[in-house]
Amino acid sequence: MSEALELIVPDWPAPATVRACSSTRLGGVSRQAWQGLNLGLHVDDDADAVEQNRYLLKSAAKLPAEPLWLNQVHAAAVAEFSPEISLPDADASITVLPEQVCAVLTADCLPVLLCNTLGTKVAAVHAGWRGLKSGVLQQTLKYFAGDDVLAWLGPAISAASYEVDDFVRDQFVVSCKSVEQKNINFSPAFEASRLGHWYFSLYKTARIILANNGVAGIYGGEFCTFKDSRFYSYRRDGMTGRQASLIWLEKPSM
């Protein structure tokens, strides 16, 4: 381990019962392309190294339990936390149970952490462009119906480093078929670059969707995984590791 493990703690007015953090690649025991605190078992890293990294994360973040890791499929499914489920096919998880840790893995995609202002419900969302287009944020927010919600946008690639083609833009601006999104104006999330290409902001897209769904308290969004070497970045490096964003509820004090 050549560097100290570093965690990012959200700067947001979450209730005292809510705990959250994001990891960086600093610290950990993985080597070569995955150098550092790689937490993804699906990226061809040594499994023993990943398990040791997960143990180091659990210790450093003082996690109350092993996170619910997801088999993320870039879609809109949401897993309700249950001790009986393991590695569900989903891109978000939600819980009302104390000391159960919701988690998502990213390496340029946007992690979104959500809680209600009562401090009784939390969720973690993996939001790449496909998930945002499919409505993963809206599907997760349905579980918060009637609640005042806070959102924190974790480390993701910035628009200046994320160029997409007309096909991706058209999914949002021209041909979005989602009933939940058909009246949303996504144009501000795209800035023209070279012919047929656009700089695309995952952060702006998430903010547009969250605001459209009544979320007034939106925080974070100041990172760039591509430019900041503290983070894994798939677009920068190709073969690489994954960082995690995690959220959980503390057990209420007696």
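Which side chain of opposite charge is nearest to Arg169, and how many Å away is this side chain? In this predicted model, the nearest such side chain is that of Asp170, at 4.6 Å. Arg169 is buried yet has no salt bridge, because a salt bridge requires a side-chain nitrogen of Lys or Arg within 4 Å of a carboxyl oxygen of Asp or Glu. The residue belongs to helix H4, which spans residues 166–173. Beyond its neighbours up to four places away in sequence, Arg169 touches Val174, Ser187, Phe190 and Trp198.

Helix H4 also contains Asp166, which is partly exposed, with a relative accessible area of 35%. With neighbours within four places in sequence left aside, Asp166 is in contact with Gly196, His197 and Trp198. Between Asp166 and Gly128 there are 17 Å in space, C-alpha to C-alpha, and 38 residues in sequence.

A further buried charged residue without a salt bridge is Asp45. Asp45 is placed in the loop between strand E2 (18–23) and helix H1 (47–60). Its nearest side chain of opposite charge, Arg25, is 9.2 Å away. Contacts of Asp45, not counting residues up to four places away in sequence, are made with Ser30, Trp34, Asn38 and Val50.

Side chains of opposite charge can pair when their charged atoms come close. The model holds seven salt bridges. One of them joins Arg230 and Glu6, with an N to O distance of 2.7 Å. Arg230 lies in the loop between strand E12 (217–220) and H6, and Glu6 in the segment before strand E1 (7–8), so this pair ties together parts that are 224 residues apart in sequence. Arg230 is partly exposed, at a relative accessible area of 24%, and Glu6 counts as partly exposed at 24% relative accessibility.

Glu250 and Arg19 form another salt bridge, their closest N and O atoms being 3.3 Å apart. This pair links distant parts of the chain, namely the segment after strand E13 (243–249), which holds Glu250, and strand E2, which holds Arg19; the two residues are 231 residues apart. A salt bridge also connects Asp237 with Arg236, with closest N and O atoms 3.0 Å apart.

Technical notes
Residues numbered from 1 in each chain as written. Predicted model: local features only at pLDDT ≥ 70, side-chain atom pairs only at ≥ 80, totals over all residues. Heavy atoms only, no water. Helix = DSSP H or I, 4+ residues; strand = E, 2+ residues; numbered from the N terminus. Buried < 20%, exposed > 50% of the residue type's maximum accessible area, 1.4 Å probe, protein only. Lys, Arg positive; Asp, Glu negative; His and termini not counted. Contact = heavy atoms within 4.5 Å.
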